[in-house]
Amino acid sequence: MRRFLLLTPVALLLAATVVILATEYVVARPSRRAKDVAYVPASAPDFDKERHVLDVYSPKKAAPTAAGYPVVLFIHGGSWTSGNKNLYTFIGRRLAKQGVVAVVINYRLAPPAHVPEQAADCARALAWTVQNISQYGGDPARVFVMGHSAGGGLAALLATDDELLAANGLPQNPVRGAIMDDPAGLDMYSYLKEMRYEGDEKYKVPFGNDPAVWKQMSPIYKIRPGLPPFIFYLGGETYPSISGSSGRFRDKLKATGQAPLYTIIPGRHHIPMVLQLYWQHNIIYQGILKMVGA
């Protein structure tokens with residue numbers, strides 16, 4: 001009996017693994033993945049063969065219009081020091097299954113890269129997307145950005161910082177909307193000035209010691225009339241710094257005449273806010289599909 005009890009958790013784990021792999025196989029069938037596509041020329045002096053790459057997930061079925069499918073560029077989190085696109089294949093697959101071309105990117109991490117270099121990488125990935133996504137069935141006139149945690153802050157920069165984009169190959173901002181999934185980094189200027197929480201010093205690794213850079217990389221200070229629409233999804237149990245900065249960002253958007261969709265999901269902590277995207281019919285996907293017109 002004792003041996004059976006010891007084996008049961010292993011058997012359950014194996015069974016769960018089989019179910020997950022079978023689910024992924026079913027989800028993958030309607031989509032195709034172009035893996036490790038370089039979005040920076042290999043001849044560039046700063047080219048990083050592991051970080052300057054992205055994956056494109058496209059529906060196998062032809063788009064209903066000649067223009068192509070809407071496009072969502074997803075930026076992963078990881079405190080600006082960790083993370084990899086390969087952990088988020090489920091997001092690419094589920095978006096593609098629901099009629100969206102998904103672009104899931106890597107970018108350089110700290111150290112040695114700092115947030116300004118990371119933001120430039122994201123802008124270069126966006127430029128590549130606009131210039132090339134039609135080859136993958138996507139509509140370059142319907143490109144949206146999305147990010148979780150640190151990726152949310154970087155996505156918000158793409159939606160608000162026209163100078164950043166112009167410096168990286170995009171004289172016109174192509175972003176048609178931004179999806180914020182428990183975003184971090186919306187106001188690192190105030191955060192790093194206050195240093196209210198234990199361990200905050202570690203965020204100077206990606207952001208450095210210059211308050212001017214903190215402000216430059218904080219999208220809350222770039223809010224103005226005429227920005228593309230934002231939608232927010234926040235965990236009811238997320239970090240106070242994330243809920244606080246997201247609320248201030250929402251209020252500043254409202255002051256410009258834009259009232260973003262702002263949804264708090266009760267009981268959700270920070271990491272489960274991205275893990276829940278494993279399930280296709282999640283509330284966040286419902287909002288994404290409505291925003292992009294899929």
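## Pockets

Ala, Val, Leu, Ile, Met, Phe, Trp, Tyr, Cys and Pro count here as nonpolar, Asp, Glu, Lys and Arg as charged, and the others, Gly among them, as polar. By these classes, the lining of the largest pocket holds 18 nonpolar, 11 polar and seven charged residues. The structure described here is a predicted model.

The volume of the largest pocket is about 680 Å³. Its lining is made up of 36 residues, and those nearest the pocket centre are Ala 184, Tyr 203, Tyr 239, Ser 241 and Ile 242. Four elements each contribute at least two lining residues: strand E5 (138–149), helix H6 (188–194), helix H9 and helix H10 (272–275). Of these, H9 gives the largest share, with six residues.

The second largest pocket has a volume of about 180 Å³. It is lined by 16 residues, and Ala 62, Ala 63, Pro 64, Tyr 69 and Gly 99 are the closest to its centre. Strand E3 and helix H2 each provide at least two residues of this lining. Divided by class, the lining of the second largest pocket has nine nonpolar, four polar and three charged residues.

## Gly 244 in helix H9

Helix H9 covers residues 240–255, and Gly 244 is one of its residues. Is Gly 244 buried or partly exposed? Its relative accessibility is 27%, so Gly 244 counts as partly exposed.

## Salt bridges

Side chains of opposite charge can pair when their charged atoms come close. The model has 13 salt bridges. One of them joins Asp 36 to Lys 85, with 2.7 Å between the closest N and O atoms. This pair connects distant parts of the chain, 49 residues apart: Asp 36 is in strand E1 (residues 31–38), while Lys 85 is in the loop between strand E3 (69–75) and helix H2 (89–97). Asp 36 has a relative accessible area of 43% and is therefore partly exposed. Lys 85 is at 1% relative accessibility, so Lys 85 counts as buried. Both residues belong to a network of salt bridges that also includes Arg 33 and Asp 55.

A further salt bridge forms between the side chains of Asp 46 and Arg 124, at 3.0 Å from N to O. The two residues are 78 positions apart and tie together distant parts of the chain, with Asp 46 in the loop between E1 and strand E2 (53–59) and Arg 124 in helix H3 (residues 115–132). Asp 46 is partly exposed because its relative accessible area is 28%. Arg 124 is buried, with a value of 18%, and the cut-off for buried is under 20%.

What is the relative accessible area of Asp 121? It is 0%, so Asp 121 is buried. Arg 108 counts as buried as well, at 15% relative accessibility.

Conventions
Residues are numbered from 1 along each chain as its sequence is written. This is a predicted model: local features need pLDDT of at least 70, side-chain atom pairs count only at pLDDT 80 or more; totals for chains, interfaces and linings use all residues. Side-chain values use heavy atoms; hydrogens and water are left out. Buried means under 20% relative accessible area, exposed over 50%, partly exposed in between (1.4 Å probe, protein chains only). A salt bridge is a side-chain nitrogen of Lys or Arg within 4 Å of a carboxyl oxygen of Asp or Glu. On a 1 Å grid over the protein atoms alone, a cavity is a set of points where a 1.4 Å probe fits but cannot get out, and a pocket is an open set with protein on both sides within 12 Å along at least five of seven lines; lining residues have an atom within 4 Å of a point. Grid points are joined across faces, edges and corners, and a volume is the space filled by probe spheres set on the points.
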